[in-house]
Amino acid sequence: ATGAFARISDAAMAAHPGDTIRVEPGIYAERIDLPDGVDLIARVSGTVIIARPPGAVGEVVGMSVRGDSGARIQGVRIESTPELPLDVALRVSGQGRTVELLEVSGPMRVGIDLLPAANLTMHGSRFEMTGPAMTFAEGAHAVVTTSVFLRRGAASEAPIRVVPSADVTLRHNVFAGYGTDVVKGFSGEALRQLRTNNSMIG
């Protein structure tokens with residue numbers, strides 16, 4: 001599909017696998033359901049802000065992605081505020097999703113929620129939030145590299161939660177303000193690799 005759309009969600013509804021949605025700078029107060037095989041790319045990284053739509057009821061997820069064809073999200077900021085809070089910034093199901101240069105900020109229940117058996121590769125992203133930055137359900141698989149996790153406020157819980165059956169690799173990331181307790185669910189060799197391959201500050 002080609003054409004200009006005022007809303008990302010309208011472009012997503014018209015998109016087909018293999019399409020790329022290129023987004024101009026702006027604040028987009030909407031829930032986005034990104035179809036399988038569709039890329040979402042900010043024309044200028046960090047200038048596309050996704051926020052809670054006024055009047056939204058129930059659980060509010062900024063963006064949901066699904067399907068097994070694989071696609072990319074790049075350069076988007078998902079922002080939650082006390083006045084317009086999100087529950088989840090990004091929810092991922094299915095396989096082959098790549099996230100680059102994502103920014104997540106503000107109070108929310110979780111930043112990225114990987115559903116059972118979901119697969120994600122993420123690098124160069126930044127989280128500054130209360131609540132856990134990422135949660136991984138049963139059978140989820142992820143590789144997270146060169147990303148920054150900053151504790152905001154008085155939150156004391158670990159920024160990453162992993163169930164035992166999830167397969168999560170963390171390399172060259174920076175965790176600031178959490179002490180050494182940055183992953184809930186790692187032990188033994190996984191915990192040793194975490195501390196060897198990532199930086200923890202404060």
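The model is predicted, and local features are given only where pLDDT is at least 70, side-chain atom pairs only at pLDDT 80 or more, while totals for chains, interfaces and linings use all residues. Residues are numbered from 1 along each chain as its sequence is written, and side-chain values use heavy atoms, with hydrogens and water left out.

Seven strands make up an open sheet with parallel pairing, in the order β1-β4-β7-β10-β13-β16-β19. The edges are held by β1 (20-23) and β19 (167-171); each has a single partner strand, so one side of each lacks a neighbour in the sheet. From one strand to the next the twist averages 15 degrees, where axes are lines fitted to C-alpha atoms and angles run from 0 to 180 degrees between N-to-C directions. Strands here are DSSP runs of E with at least two residues, numbered from the N terminus, and two of them pair if DSSP finds at least two bridges between them. Such pairing runs through backbone hydrogen bonds, either parallel or antiparallel.

Within this sheet, β10 (residues 97-100) and β13 (residues 119-123) are joined in the parallel sense by four bridges, and E100 has H123 of β13 as its bridge partner. In β1, I21 and V23 are on the covered face, whereas T20 and R22 are on the uncovered one.

Strand β4 also contains D39. D39 is buried but forms no salt bridge, and R72, the nearest side chain of opposite charge, is 4.5 Å away. Buried means under 20% relative accessible area, exposed over 50%, and partly exposed in between (1.4 Å probe, protein chains only); a salt bridge needs a side-chain nitrogen of Lys or Arg within 4 Å of a carboxyl oxygen of Asp or Glu. For charge, Lys and Arg count as positive and Asp and Glu as negative, with His and the chain ends not counted. A polar atom of the D39 side chain does lie 2.8 Å from the backbone nitrogen of R72. Beyond neighbours within four places in sequence, D39 is in contact (heavy atoms within 4.5 Å) with D19, T20, I21, A71 and R72.

Most residues other than glycine have a negative phi. A117, not a glycine, has a positive phi of about 65 degrees; A117 is in the loop between β12 (110-114) and β13. H172, in the loop between β19 and β20 (174-176), has a positive phi near 60 degrees. A117 is partly exposed because its relative accessibility is 43%, and H172 is exposed at 56%.

Methods: A polar contact is a pair of N or O atoms within 3.5 Å; within protein, one must be able to donate a hydrogen and the other to accept it, and residues adjacent in sequence count only if both atoms are side-chain atoms.
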